[in-house]
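Welcome, and thanks for opening the viewer. Let us walk through this model stop by stop, with something to select each time.

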Amino acid sequence: MYNDLLTYGDFIQLSNSCNSKELLEEVKDFEWKQYNPRKNINRYGLSITSNDGSLNGEDLDSLYEYSKEKGRICDEDEFTTLTDVYYKSKQIQKLVDPFKPWLCRTHFLNFRKGGYFPPHIDNRLIDKTKFIRILVPIKKIKPSYLYFIHDGNILNFNRGSAYFLNTNKQHCIFSYNDDCTMLVMNLKATDDC
């Protein structure tokens, strides 16, 4: 199924969209937590799903580190319970609801100046890909605020629009400004997704 999707491209704008200004207003009172708290990198997260519906930030940890701590392999599909962030935002619901049957770990990322993800590949086995990544740029996700480089190309997003991204190719992010925000949805890769 994943290979079939890739015949359409590695970076595909979808028809799903939201009003990003309204969305930010709806979530303004929530507390953002350090993303990958074991690393001192200037990026924060806000959970739309978690393992139990709480906003404790466990889902914002590195899955590799979280698995080591738990003594078992943990994956995106362990974080499927919707949080209050989802319930308080009509704009998030508008983005998430079409994907609800397949929804896994989903959250916002907020990059402050100097925040980054180094070059990496999320899954090296395309024929065994278990999850699909959907990104929605919310605020300042364009050069010169933030550079999102995928397979050697700088990506340009339209704010509030959803995009499929093939994260099995090398990608990285570098923020040169504060408050660069995107929504990240992980979906189960199934034939009916």
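Is Lys140 exposed, partly exposed or buried? Select Lys140: at 26% relative accessibility, this residue counts as partly exposed (buried means under 20% relative accessible area, exposed over 50%, partly exposed in between, with a 1.4 Å probe and protein chains only). Before moving on, note that this is a predicted model, where local features need pLDDT of at least 70, side-chain atom pairs count only at pLDDT 80 or more, and totals for chains, interfaces and linings use all residues. Residues are numbered from 1 along each chain as its sequence is written, and side-chain values use heavy atoms, leaving out hydrogens and water.

Stay with Lys140 in the loop between β8 and β9. Although not a glycine, Lys140 has a positive phi of about 55°. In that loop between β8 (131-139) and β9 you also find Ser144, and the peptide bond from Pro143 to Ser144 is cis, with omega near 15°. Most residues other than glycine have a negative phi, and most peptide bonds are trans.

Next, select β9, residues 146-150.

β12 (171-175) pairs with β9 in the antiparallel sense over 5 bridges, with Tyr147 opposite Phe174. β10 (153-154) is joined to β9 by 2 bridges, also antiparallel, and Asn153 is the bridge partner of His150. The β9–β10 hairpin has 2 residues between the strands, and Asp151 there takes a positive phi near 55°.

Jump to Asp61, in the loop between β4 (49-50) and α3 (63-70). Asp61 counts as buried, at 7% relative accessibility. Its side chain makes a polar contact of 2.6 Å with the side chain of Arg38 (a pair of N or O atoms within 3.5 Å; within protein, one must be able to donate a hydrogen and the other to accept it, and residues adjacent in sequence count only if both atoms are side-chain atoms). Asn36 also touches Asp61 (heavy atoms within 4.5 Å). Select Asn36 in the loop between β2 (33-34) and β3 (43-47): its phi is positive, near 50°.

Last stop: Cys74, which is buried at 4% relative accessibility.

Key:
Helices (H or I, at least four residues) and strands (E, at least two) are DSSP runs, numbered from the N terminus. Two strands pair if DSSP finds at least two bridges between them. Lists of a residue's contacts leave out its neighbours within four places in sequence.
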